[in-house]
Amino acid sequence: MMDQHDLLEELVTANRILANEGVLDSFGHVSVRNPENPNSFFLSRARAPAIIEASDIMEFTLDGTSIGAEPGKPYSERFIHAGIYEARPEVNAVVHNHSPSVIPFSVTGKKLRPIMHMCAPIGDDIPTWDISHKFGESTNLLVTNIDMGRDLAACLGGRTMTLMRGHGSTVVGRSLREAVFTAVYMELNAGMQMKAMALGEVTYLSPGEIAAIERGRAGFTFERGWENWCHEVDRPYVPGNWDFGEGYSRADRQAGG
Ligand code: MN
């Protein structure tokens, strides 16, 4: 297992990659669960992802309370991360983003679905969380308390991602590298899908194809992307550890509905 110093450096790298790939801009954030205390997670203070340093990272409990050092103001939407880590013990990383190509799918009822093999991990049943359904027509759309975070987590269920109406999306993974990989290909799929829809009728990946890709996907695939993305943002590449433990499968992820 990575020690905490290395894990926080990995979280800095994840921030830089997601900013460079256009998934995060000045806003949005990525977190990682504390492997030594599964009831807490690490997330930067409120700062643009491209310029985050390890010294900006804070630790929070699963109700979004800060513990330990407080280098600055926390993200108001830390409750997205808290609610999901509480609901999903197998999830170790969360990416909340306003990735531009996914927004149109959050407001039109057109389903975001994988059209290319690298994008299969987004899944073929992506829900849209609408904050107004439970919290009314007068919110500022932000997830600013734990009730909202838990409601978002319930909509996500056992899936890999959920859209958030008029706001963005949230992507989860068993590791930072997996969550980053899925988020990068989510944005690419959304852009390509809109182009394909403009051309005509789209043939999407079938559920069987998505399942086969999930079964066959190995750490090697994530590592190839991660190494390249580290190079692009001038961060050191550290080979990853792909032991996720037992009992994890796509079926488990879908079990929560
Ligand atoms: Mn947001």
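Close-up 1. D56 counts as buried because its relative accessibility is 5%, where buried means under 20% relative accessible area, exposed over 50% and partly exposed in between (1.4 Å probe, protein chains only). A salt bridge is a side-chain nitrogen of Lys or Arg within 4 Å of a carboxyl oxygen of Asp or Glu. This is a predicted model, in which local features need pLDDT of at least 70 and side-chain atom pairs count only at pLDDT 80 or more, while totals for chains, interfaces and linings use all residues. Residues are numbered from 1 along each chain as its sequence is written, and side-chain values use heavy atoms, with hydrogens and water left out.

**Close-up 2. The salt bridge of E10 and R177.** The side chains of E10 and R177 meet at 2.7 Å, N to O. This pair links distant parts of the chain, 167 residues apart: E10 lies in helix α1 (residues 4-20) and R177 in helix α6 (residues 176-199). Helices (H or I, at least four residues) are DSSP runs, numbered from the N terminus. Both E10 and R177 are buried.

**Close-up 3. The salt bridge of R174 and E178.** In the salt bridge between R174 and E178, the closest N and O atoms are 2.6 Å apart. R174 is buried, with a relative accessible area of 16%, and E178 is buried at 2%. Elsewhere, salt bridges that share partners join E10, R177 and E223 into one network.

**Overview.** A search of the whole structure finds 11 salt bridges.

Conventions
Helix = DSSP H or I, 4+ residues; strand = E, 2+ residues; numbered from the N terminus.
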